[in-house]
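These are my notebook entries on a single protein chain.

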Amino acid sequence: MADNQSPDLFGQTPWQTVGPFFHYGLPWKGGADLIGASDIGARPDLMPPEHYLLREPSARGPVVGQPIEIVGRVFDADGAPVPDAMIEIWQANAAGRYNSLDDRREALPLDENFTGFGRSSTGEDGAFRFRTVLPGRVPGPGNSLQAPHIAVGVFGRGLIKRLVTRLYFEDGEGHDEDPILALVPQARRATLIALKDASAPGVYRFDIHLQGEHETVFFDV
């Protein structure tokens with residue numbers, strides 16, 4: 001007897017891509033500001049003002065470290081901007097310690113005002129922006145020391161799971177010693193380097209290319 005699994009009765013289950021919903025459903029006011037009280041990160045332009053009821057950013061005390069901004073855009077395989085992606089970042093504080101129970105290095109200071117986690121939607125032009133501090137160096141496999149970096153996750157339409165990459169700084173120390181960066185072919189490492197904006201001190205540009213000629217290196221984790 002045919003049951004509800006029979007293709008003769010129901011045919012193939014329709015398929016759908018993931019999203020688009022990240023850009024307005026998950027980011028929150030101030031989610032991209034790890035050091036201040038601005039509301040960057042969400043997309044208020046996608047909803048009427050009376051519906052923009054996301055919680056205001058929580059007050060925080062001063063954050064230790066060198067303030068920086070990270071700006072960039074997300075592009076698809078054809079070089080077109082992706083207007084409905086969501087970017088997450090996770091990083092150590094200025095002293096090189098993570099705000100996590102798994103980081104037990106009590107000799108390093110823990111900045112109680114700095115979580116190290118941020119989330120931002122992309123705009124119509126694929127742009128995103130984070131305010132944070134320059135991270136310190138953290139231990140790597142064995143006795144190695146990693147260069148200052150930020151872990152980056154990318155969510156978006158058609159992506160079944162998040163893409164994972166890293167952001168290193170153009171003027172960061174220890175690139176030649178970093179064991180993770182060493183896994184990346186020399187010709188592809190530039191896709192992981194955030195470049196200084198010569199016209200705006202403290203601002204770094206980091207564009208993300210999901211596919212194509214300039215595809216960003218993503219890690220299998």
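**Entry 1: strand β2**

I looked up Met86 and found its bridge partner in β3 to be Ser121. The model I am reading is predicted, so I note that local features need pLDDT of at least 70 and side-chain atom pairs count only at pLDDT 80 or more, while totals for chains, interfaces and linings use all residues. Residues are numbered from 1 along each chain as its sequence is written, and side-chain values use heavy atoms, with hydrogens and water left out.

I then examined how β2 is paired, two strands being paired if DSSP finds at least two bridges between them. Five bridges join β2 to β3 (residues 117–121), and the two run antiparallel. Five bridges also join β2 to β5, again antiparallel. On the β5 side, I found Glu88 opposite Gly153.

Is β2 enclosed or open? I recorded four of its five residues as buried, so the strand is largely enclosed by the rest of the structure. Buried here means under 20% relative accessible area, exposed over 50%, and partly exposed in between (1.4 Å probe, protein chains only).

**Entry 2: overall layout**

I listed two helices and nine strands, in the order α-α-β-β-β-β-β-β-β-β-β from the N terminus. Helices (H or I, at least four residues) and strands (E, at least two) are DSSP runs, numbered from the N terminus.

Of the 221 residues, 42% count as buried. I also looked up contacts, meaning heavy atoms within 4.5 Å. Among those between residues at least 6 apart in sequence, 66% join residues at least 24 apart.

**Entry 3: nonpolar cores**

I took a nonpolar core as a set of buried Ala, Val, Leu, Ile, Met, Phe, Trp, Tyr and Cys residues joined through side-chain atoms within 4.5 Å. Which members of the largest core touch the most others? Among its 26 residues, they are Ile70, Ile87, Phe130, Val152, Leu167 and Ile208. I noted that β1, β2 (86–90), β4 (127–133), β5 (149–155) and β6 (163–169) each supply at least two residues of this core.

Leaving aside neighbours within four places in sequence, its contacts include Val74, Phe128, Phe130, Val152, Val154 and Ile208. A second, separate core has eight residues, including Leu181, Val184, Leu192 and Val217.

**Entry 4: salt bridges**

Side chains of opposite charge can pair when their charged atoms come close. I counted a salt bridge where a side-chain nitrogen of Lys or Arg is within 4 Å of a carboxyl oxygen of Asp or Glu. By this rule the count comes to 12.

I began with Arg43, which is buried at 5% relative accessibility. Arg43 forms a salt bridge with Asp45, the closest N and O atoms being 2.8 Å apart. Asp45 is exposed, with a relative accessible area of 53%.

Arg43 also meets Glu124 in a salt bridge (3.4 Å, N to O). Glu124 lies in the loop between β3 and β4 and Arg43 in the loop between α2 and β1, so this pair ties together parts that are 81 residues apart in sequence. Glu124 itself is exposed at 56% relative accessibility.

I next looked up Asp171 and Lys196, whose side chains meet in a salt bridge (3.8 Å, N to O). Asp171 is in the loop between β6 and β7 (193–196) and Lys196 in strand β7, 25 residues apart, and the pair links distant parts of the chain. Both are partly exposed: Asp171 has a relative accessible area of 44%, and Lys196 stands at 49%.

I also noted a network of salt bridges linking Asp33, Glu69, Arg129 and Arg131.

**Entry 5: a buried asparagine in a loop**

I found Asn93 in the loop between β2 and β3. Asn93 is buried, with a relative accessible area of 4%. Not counting residues up to four places away in sequence, Asn93 touches Pro109, Leu110, Asp111, Phe114, Pro135 and Gly136.

**Entry 6: surface**

The protein exposes about 12,600 Å², and carbon and sulfur atoms supply 54% of it. I note that accessible areas come from the Shrake-Rupley method with a 1.4 Å probe; for residues, only the protein chains shown count as cover.

Trp28 is partly exposed, with a relative accessible area of 30%.
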